[in-house]
Amino acid sequence: SALPFVGFGMLDNAVMIVFGDMIDLTLCATFGFSTMAAAALGNTLSDGFGVFSGGVVEDMAAKAGFEAPPLSRAQQALASTKRWERLGQLLGITVGCLIGMFPLLLINWKDQEAQKRQRALEHMYDHVVVAVEDMLNVEAAVIAFVDEEKQELYSRSAAHHGSQEFEIRIGLAEGILGRVASTGHFLNIADIRAPESNEYYVPQIHDDFGGTGVRVRSVLCMPVFGYNSETGHCDKVVGVVGVMNKKGGGHFTEKDEDALAALCSHISTSLSFVHGEEHGFDETLERCARALRTKGTRINSAANQRVHDLYTLVLQEVCKLVEVDSAELLSVDATHGQVQLLATSADDVSSSNCRSEAESNGCQRLEDMGIVAQVVSQGKPCIIDDGSDPSTMCCPLFDGNHEVIGAIKVVATFAGRRFTKENVGTLETVANRVSLTMEGTGSSLTRLLTSLKTGGS
């Protein structure tokens with residue numbers, strides 16, 4: 001009784017594991033079935049296979065000389081006979097099932113799990129590019145990743161007018177997508193062919209994007225950050241998400257930037273899951289905060305003009321409140337050691353020559369900026385009013401992560417000018433408000449995320 005059931009158990013378990021694994025990698029990955037569903041379907045196929053193979057197993061046992069003992073009907077009806085028969089069948093099926101688990105030794109479970117996650121991720125990419133088209137009301141969208149070996153950017157999923165039909169592969173720092181991938185700073189360009197956007201315009205790329213016939217006009221592109229083994233943080237650019245041509249002829253707003261930044265944060269988290277990286281709630285918050293506070297450039301002459309006018313008016317009011325002759329608003333990139341002048345109290349409001357964020361010629365080295373460099377290194381207001389030079393006060397601007405992103409510097413040229421605590425407090429209040437506008441509409445969210453992380457720790 002035991003021997004045939006050893007064969008049944010071997011076939012049943014082996015066939016179930018093989019078919020269940022195949023179903024898990026194909027149907028379950030495609031239609032989202034659970035692993036238990038794959039096991040159930042595999043068992044169904046295994047049982048069907050057993051119906052047709054049962055006679056074969058018995059015949060093989062008989063040919064090998066293992067036959068049931070010749071018992072009379074009375075002996076077969078005995079309770080002890082039936083008890084030993086059931087016990088033999090139980091022992092045989094148990095041993096057979098255990099032996100039939102041998103396919104588990106041949107399956108690379110880590111690779112299997114990675115394949116499942118990768119397929120789920122690819123499905124997500126295809127869904128995201130179509131959804132982001134509708135969400136941001138654009139003509140085309142693309143998700144591209146960095147090929148570090150070839151120093152190229154290649155598309156993983158792309159769509160225009162709701163269909164996935166094109167692929168791109170460009171060098172790093174080539175075009176807008178490549179520039180974002182190489183710098184880690186987002187780009188929001190209202191008109192790629194405008195004079196102020198000349199450095200980003202590549203006719204071969206933007207006149208017929210990806211061979212789709214789409215003539216790129218406006219562009220918003222955000223970086224996707226992944227885990228950096230060298231730093232232990234999520235600060236490495238692994239890809240980009242780009243959307244082209246706001247429908248209706250408009251330009252991308254700060255609200256669009258925040259929405260795309262949040263989407264990039266989710267993609268970053270999904271990538272970590274696929275690669276088997278386990279991170280807690282604090283890491284998730286850090287990814288979201290990093291995405292929302294991503295630095296970048298907005299090239300929109302009308303919008304830049306409005307912002308410049310507001311900055312100028314604020315600086316002019318600062319001069320009256322603090323009683324100084326001039327004031328400057330500076331943007332600071334502490335990572336690269338650069339300082340850029342955004343506006344001064346002497347600028348003309350509504351002048352066509354406002355200082356665009358894209359202007360790189362106005363950048364100066366931080367180490368050459370005297371009191372500004374001192375403020376950035378100390379992270380607090382500094383004053384020089386010893387009487388030998390014009391009195392100067394400088395106050396830092398912080399982002400949601402309490403990193404210095406800018407400074408306001410005021411200068412009083414008349415002799416004997418001394419700054420009071422009230423002057424410092426006034427300038428700090430203005431700096432706090434200005435820092436919110438420099439971070440963008442997502443600044444309140446990044447500050448909330450920072451407070452959550454601080455409270456959680």
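Which backbone oxygen does the side chain of N188 reach? The side chain of N188 reaches the backbone oxygen of F252, at 3.0 Å.

The views show a predicted model, in which local features need pLDDT of at least 70 and side-chain atom pairs count only at pLDDT 80 or more, while totals for chains, interfaces and linings use all residues. Residues are numbered from 1 along each chain as its sequence is written, and side-chain values use heavy atoms, with hydrogens and water left out.

View A. Helices (H or I, at least four residues) and strands (E, at least two) are DSSP runs, numbered from the N terminus. N188 is buried, with a relative accessible area of 5%; buried means under 20% relative accessible area, exposed over 50% and partly exposed in between (1.4 Å probe, protein chains only). A polar contact of 2.8 Å links the side chains of N188 and E257. Such a contact is a pair of N or O atoms within 3.5 Å; within protein, one must be able to donate a hydrogen and the other to accept it, and residues adjacent in sequence count only if both atoms are side-chain atoms.

**View B. The largest nonpolar core, of 24 residues.** A nonpolar core is a set of buried Ala, Val, Leu, Ile, Met, Phe, Trp, Tyr and Cys residues joined through side-chain atoms within 4.5 Å. The members that touch the most others are L329, L397, I408, V410, V434 and M438. Two or more residues each come from α12 (301-322), β8 (326-333), β9 (338-344), β12 (391-398), β13 (404-412) and α14 (421-439). Helix α14 gives the most, with 6 residues.

**View C. The open sheet of 6 strands.** The strand order is β10-β9-β8-β13-β12-β11, with antiparallel pairing; two strands pair if DSSP finds at least two bridges between them. β10 (363-365) and β11 are the edge strands, each pairing on one side only. Between β12 and β13 there are 8 bridges, and F398 stands opposite V404 in β13.

**View D. Helix α13 (residues 371-378) and its buried residues.** I371, V372, V375 and V376 are the buried residues of α13. Seen down the helix axis, they fall within an arc of 140 degrees, so they line one face of α13; the arc is that of the directions from the helix axis to the C-beta atoms. Among the elements covering these residues are β8, β9, β11 (382-384), β12 and β13. Just after α13, G379 takes a positive phi of about 70 degrees.

Conventions:
Contact = heavy atoms within 4.5 Å.
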